[in-house]
Amino acid sequence: MAEVVFVHGVGKQYLSEDSLARDVVPELRGGTRLAGGPVPNDDEVHVAFYGDLFRPRGARTGHHPRYDAADVETEEEFALLMAWWAEAARTDPDVPGPDEVDGRGLAAWAASRTMRLRSVRAALDALTGARFLRGVLDRVLIGDLKQVTDYFTNASVRSAARERVAARITPETRVVVAHSLGSVIAYETLCDSELSAGWNIHTLVTLGSPLGMGALVLDRLQPEPVGRRAAWPTPLWSWTNIADTTDIVSAIRELRPAFGSRVTDLTVCNGAHMHDVSRYLTAVETGQAITAGLRRENWSS
C-alpha cells in the first residue's frame, strides 16, 4: 500500500526505480523520524520513476552527451539558463550577474549566434563558479536545462511522465513528495481529472520546486493559470512547499500567491548542496509535513 509516493527531479536518466528507492526511501523515513513520526514502512513508500524517458537512445546510451555552450539551442533553454544565472548572482555575492558581464541578458538570443554563445559561456562560467555549484560540469547543467524544457515541449514525454506518477498513486495514498521537475509533473498529474479520479491526497510536499517561475514554468502548466493564478488540484487537501534559501531552481520560493491560501511556504538550509534531494528529505520541516499527512486524524480536515 503506497501511503507515500515520491517523485524525483532531473538528472536521473541512468538510474531505475529500484536504485533511486535505495537512496531516497531511507532519507524520507529518516526525516519523518526526526520529526517525531509516524514513520512509514519501506513498503509504504513508493517511487514514481520517469527518468528513463530522458535517457539517450542508440550508440551513446550509457554516457553523458558532451554538451557545451553551442548545445543551448532554443530560446526556452537560453531563458532558463539566464534565470538560473540571475538567481545565483542574487544569492551568492561572488557571482557576477548577467548585466555586470555583458549587459545583454535575454536580448543576446536575438542578437547573433556569436553573442548568444558568449552569453551562454558567461552564464556557465558564472554558475559553475558559484559556491553552491562548484564541481558541477557544463554538460550536467545543460542536460538539466534540456530535461526541463523538453518536458514542456515534448507532448509524448509529458504524457508518459504523468502516467508514471499516476501508476504509483493509489486510493490509499495520503502524501505525495515531489522534488524539482518532479513537482511540476506531480502537480499536473493531480490536476488531471481522468488520472486522479478516486484519489484523496492529504498533503503534497514540494521540494526545490520551479513551479512559481512565471513565463518559464507557471504560465506553461496544464491546466493553464488564469492571470497567473493556478488551479488547485481537486484531490488535494493541503500543500507544503519547501525551498533552500539559495536554491536557484526554486527561484520563486513562495508558491502561495500563485496556487492559493492552502499552500504553506517554508525555507530550509541545505548547506553546500542547495538542490540536493537528500538534504531536503532529511530536513525536519519536510518530515513534519509528511507526518502531518500520515496522521489519520488529519485525513478528513
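My entries on the sheet, the helices and the cores follow.

I first noted that this is a predicted model, in which local features need pLDDT of at least 70 and side-chain atom pairs count only at pLDDT 80 or more, while totals for chains, interfaces and linings use all residues. Residues are numbered from 1 along each chain as its sequence is written, and side-chain values use heavy atoms, with hydrogens and water left out.

Sheet. I looked up the strands (DSSP runs of E, at least two residues, numbered from the N terminus) and found six of them in an open parallel sheet, ordered β2-β1-β3-β4-β5-β6. Its edges are β2 (45–48) and β6 (263–268), each of which pairs on one side only; two strands pair if DSSP finds at least two bridges between them. Between β1 (residues 4–7) and β2 I found four bridges, and F6 stands opposite V47 in β2.

Helices. I then checked helix α11 (residues 284–294; a helix is a DSSP run of H or I, at least four residues), which lies across β1, β3, β4 (201–207), β5 (236–244) and β6. Its direction is at about 165° to β4, where axes are lines fitted to C-alpha atoms, for helices over the stretch in contact (heavy atoms within 4.5 Å), and angles run from 0 to 180 degrees between N-to-C directions.

Cores. A nonpolar core is a set of buried (under 20% relative accessible area, 1.4 Å probe, protein chains only) Ala, Val, Leu, Ile, Met, Phe, Trp, Tyr and Cys residues joined through side-chain atoms within 4.5 Å. In the largest, of 68 residues, V7, L81, W239 and F259 touch the most other members. Helix α2 (residues 75–91) gives this core its largest share, nine residues.

Methods. Buried means under 20% relative accessible area, exposed over 50%, partly exposed in between (1.4 Å probe, protein chains only).
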